[in-house]
Amino acid sequence: MSVKQALLALLADGDRYGYQLRAAFEEATGGVWPLNIGQVYTTLDRLERDGLVSRSEADDARQVHYGLTDAGHQEAATWWTTPVELGSPSRDDAALKIALAVSMPEVDTARVIQVQRAAVLSRMQDLTRARHASGDRDSAWALVADAMIFRAEAEVRWLDHTAARLANGDIEPGADARAATTFSLADGHVAAESRK
Amino acid sequence: MSAQTVGDGSGADPEIVLSMRDVSKAYGDGDGRVHALRRVSLDVAAGEMVAVMGTSGSGKSTLLSIAGAMVTPDAGEVTVAGVPIEGASARGRARVRRELVGFVFQDFNLIPALTVIENVALPLDLDGASRATARSEARRALAAVGMRERGKDFPDDLSGGQRQRVAIARAMVGQRRLVLADEPTGALDSVTGDRVLSVLRSMADQGSAVVLVTHDARHAAWADRIVHLADGTILEEARAARPEQLLTGEPR
Ligand SMILES: Nc1ncnc2c1ncn2[C@@H]1O[C@H](COP(=O)(O)OP(=O)(O)OP(=O)(O)O)[C@@H](O)[C@H]1O
Ligand SMILES: [Mg+2]
C-alpha cells in the first residue's frame, strides 16, 4: 500500500492538515489499514522535500495545511492512469511451505494443504460475516473486504488445484527437488533459466 | 488460536434438524463398485448453515440426496426433524420430502408446463395451502431472488441463471425445516450468486437448517461450518469464529 500515493491523491482533492489527512485516508479505506499520525508527517516531509507538497503557515488554530504543488498534481494524476506496481510479489509463505513439503518425502503434503485450506476458509467465513453484517452501507469497507475475500478464494482454488494434482500423481512427493529450471522474479518480469 | 474448537457459546443446544450417523452408500458391484459415501456423520441444527465442498465425484450430491430422503443409504441412520428415514415407507419418505425439505437441485427440476409462479407455489399447493396464500408467498419468494416480474413466464422463457433463481424461490416457500441446495450458484454471475447466498443465509437465520453443496469457497464462506468431502469421507471442517474474533485480523 503506497501511503505516499494515497496522500497525494487525497491532497489533490483540497488542502488538508495532518489529522484531516489521516481521517480521510481511513474513511476511504474502511479503516482496514490504520495509519499513525507520525507516518503521515514523515510522508508529508518527504513529499515536501521532493517538491510535490508545500505547507502553509500555521493558521489561527495553529494547524499547518498541506497542499500539492504543480508537480504534485501531476504526480497524483499519473497515479490513476498507471497500474499498481506488480514488482516482485511479496514472498508467498504458503507456496513456500508447500513447495518444501513436496520436496520432503516424510512430510504428508496433503495434510499440510488441508490445514492451510481450513485456516483460509475460516478467515473467509469471518470476512464474509463482517462484510455482510455491514451490508453496503459502508461501501469503503465492503470494497476492501471483497478484495480480501476474492484473494482468499484464489488461495483456496490454488490449494485445491495443488491437492488434486498431488492426488492424481502429477506431483511426485520427494521427487528430485533440484528443478531443471530456475525462475526468478525481478522488476515484474519472470525470467527462466535452464540448468543444463 | 484454534477456530476449530470454538463453540457458539449460546447456551442451550439448538435442535438438530438433520442427523446423519455413519451413513454409507455404494453404487454398482464387483470391480465397478463405487463407494460414494463411507460412514459419514453430519448433524445440522436449526438456524445453521453447513457448506459441503469436495472434488467432482466425492459424494456431495449423494449426501444431499440421502439427507433429502430421495436415496436410501446402504447403512447408517438418518433423521430429519426427528423423523427416522430408514424405517419409513415410501409414502412416509415422500411426506418428509414434501413437508420438511426444500430442494434446489443441480439441474433445477422446474416443471415446464407450469408458469414460474405456479412452479414456486407448487410445494404450498401440495401442502394444501389456500390458493391466495400460496400465490402471495410465491410472489414474496420470487421478489427475494429478483424475479418478481417473471411470474407469468414459463421456465423455457428464462435464462439458466434465472431458472436457478426460480428453483431457489421454490425451495424458500413454506419455511421448510431443512433446505438442501446442490450447486445453486452454478450458472450465476458473482453478484447474482451473492444474492442467492444471502437468501439461503437468511433462511438459516430464520430457523431452517441449510446444507449447501458448492465448489465456490466464497459461497461456502457464508456457512457456519464447512465440511470437505473426499472419496466419500469427511476430511476437515472449518467453522466461523466467534463474533468477537471478527475484524481482529492483523492490518497489512
Ligand atoms: N445413480 C448412480 N449410479 C452409479 N453411480 C453413481 C450414481 N450416483 C452417483 N454415483 C457415483 O458416486 C460417486 C459420487 O457421486 P456424486 O454425484 O455424489 O458426486 P458429487 O460430489 O456430487 O460430484 P459433482 O461435483 O461432479 O456433482 C461418483 O463416483 C458417481 O459416479
Ligand atoms: Mg453433484
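## Basis of the model

Because the model is predicted, local features need pLDDT of at least 70 and side-chain atom pairs count only at pLDDT 80 or more, while totals for chains, interfaces and linings use all residues. Residues are numbered from 1 along each chain as its sequence is written, chains are lettered from A, and side-chain values use heavy atoms, with hydrogens and water left out.

## Salt bridges overall

Side chains of opposite charge can pair when their charged atoms come close. Here a salt bridge is a side-chain nitrogen of Lys or Arg within 4 Å of a carboxyl oxygen of Asp or Glu, and by this rule there are 21 salt bridges over all chains. A network of salt bridges links A:R129, B:R201, B:D205 and B:D224.

## Pairs in chain A

A:R55 forms a salt bridge with A:E48, with 3.1 Å from N to O. Accessibility is described as buried (under 20% relative accessible area), exposed (over 50%) or partly exposed (in between), using a 1.4 Å probe and protein chains only. A:R55, at 41%, is partly exposed, and A:E48 is partly exposed at 28%.

In another pair, A:D50 and A:R49 meet at 3.2 Å, N to O; A:D50 is partly exposed at 44%, whereas A:R49 is exposed at 61%.

## A pair in chain B

B:D43 and B:R21 form a salt bridge at 2.8 Å, N to O. B:D43 lies in strand β2 (residues 34-45) and B:R21 in strand β1 (residues 16-27) of chain B, so the pair ties together parts that are 22 residues apart in sequence; strands are DSSP runs (E, at least two residues), numbered from the N terminus. B:D43 is partly exposed at 24%, and B:R21 is partly exposed at 34%.

Notes:
Helix = DSSP H or I, 4+ residues; strand = E, 2+ residues; numbered from the N terminus.
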